[in-house]
Amino acid sequence: MTFLKLKNRLLFYMLITLLLLSFTPSPISADEPVKITTVYLVRHAEKQVVSSGQQMMSANDPPLTDEGKARARNLARMLGKADIKTIITSQYLRTKQTAEPLAESLNLTAIVLPISAAPADRNKVSEQSIKNIVEKIYQSGGESVLVVGHTNTLPEVIKMLGGGTIAEIPETDYDNLFIVTVLGKGKAKIARMRF
């Protein structure tokens with residue numbers, strides 16, 4: 001066999017191999033739509049402030065004020081047609097009460113995912129708590145989700161979803177609505193509005 005024939009045969013086999021590789025199905029076929037998840041994230045509404053002469057069940061778990069209850073009802077009106085299938089709150093009364101009007105109108109039961117403090121810094125939420133929320137969001141792929149959280153949880157959830165870093169939420173702000181469009185794990189776009 002001459003060198004030219006050997007070279008042509010080798011080129012032929014390489015061409016066949018390349019053609020076969022190009023026909024290997026990809027993990028996501030063109031027929032499968034990407035499951036885009038829309039996540040609405042809000043901080044709990046206005047909470048009651050405990051004064052020195054006031055008796056409450058727990059200073060760490062205050063209920064909403066009348067203004068906060070009105071904001072929760074407004075949130076329910078705003079998101080009533082958003083086709084929300086999952087509502088996630090923390091274990092605190094203020095997040096549950098913020099989600100309650102929407103949950104009742106949609107006949108949903110909110111999923112309570114407890115948050116805990118980070119071992120090294122009691123003012124921060126543990127990474128595992130944030131991972132639990134994000135994982136629940138990913139399990140709702142292709143649906144709309146409401147997350148009612150706190151000033152120290154919402155930025156971390158948005159970041160872990162791939163929405164980047166947002167400015168710190170002041171303690172006096174209750175009217176932020178973050179809309180995160182999740183395109184895949186770690187890939188998201190974010191919009192912010194006031195309500």
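**Figure 1. The hairpin of β5 and β6 in the predicted model****.** Strands β5 and β6 (residues 187–194) pair in the antiparallel sense over 8 bridges; strands are DSSP runs of E with at least two residues, and helices are runs of H or I with at least four residues, both numbered from the N terminus. Two strands count as paired if DSSP finds at least two bridges between them. L177 stands opposite M193 in β6. The hairpin has 2 residues between its strands, and G186 takes a positive phi near 80 degrees. Residues are numbered from 1 along each chain as its sequence is written. In this predicted model, local features need pLDDT of at least 70 and side-chain atom pairs count only at pLDDT 80 or more, while totals for chains, interfaces and linings use all residues; side-chain values use heavy atoms, with hydrogens and water left out.

**Figure 2. Strand β1 and its partners β4 and β5****.** Strand β1 (residues 37–43) runs antiparallel to β5 (residues 176–184), to which 6 bridges join it. β1 is also joined to β4 by 6 bridges, here in a parallel arrangement. V39 has V180 as its bridge partner in β5 and stands opposite V145 in β4.

**Figure 3. The open sheet of 6 strands****.** The strand order is β3-β2-β4-β1-β5-β6, with mixed pairing. β3 (111–112) and β6 stand at the edges with a single partner strand each, so one side of each is left without a neighbour in the sheet.

**Figure 4. The crossing of helices α4 and α5****.** The axes of α4 (residues 127–139) and α5 come within 9 Å and cross at roughly 55 degrees; axes are lines fitted to C-alpha atoms over the stretch in contact, with angles from 0 to 180 degrees between N-to-C directions. The crossing is right-handed, that is, the near helix is turned clockwise from the far one by less than a right angle.

**Figure 5. The largest cavity and its lining****.** The model holds 1 cavity of 30 Å³ or more, a cavity being a set of points on a 1 Å grid over the protein atoms alone where a 1.4 Å probe fits but cannot get out. The space in the largest cavity is about 50 Å³, taken as that filled by probe spheres set on points joined across faces, edges and corners. Lining residues, which have an atom within 4 Å of a point, include L113, I133, H150 and V157. β4 (144–149) and α5 (154–161) each give two or more residues to this lining, and β4 gives the most, with 3 residues.

Technical notes. On a 1 Å grid over the protein atoms alone, a cavity is a set of points where a 1.4 Å probe fits but cannot get out, and a pocket is an open set with protein on both sides within 12 Å along at least five of seven lines; lining residues have an atom within 4 Å of a point.
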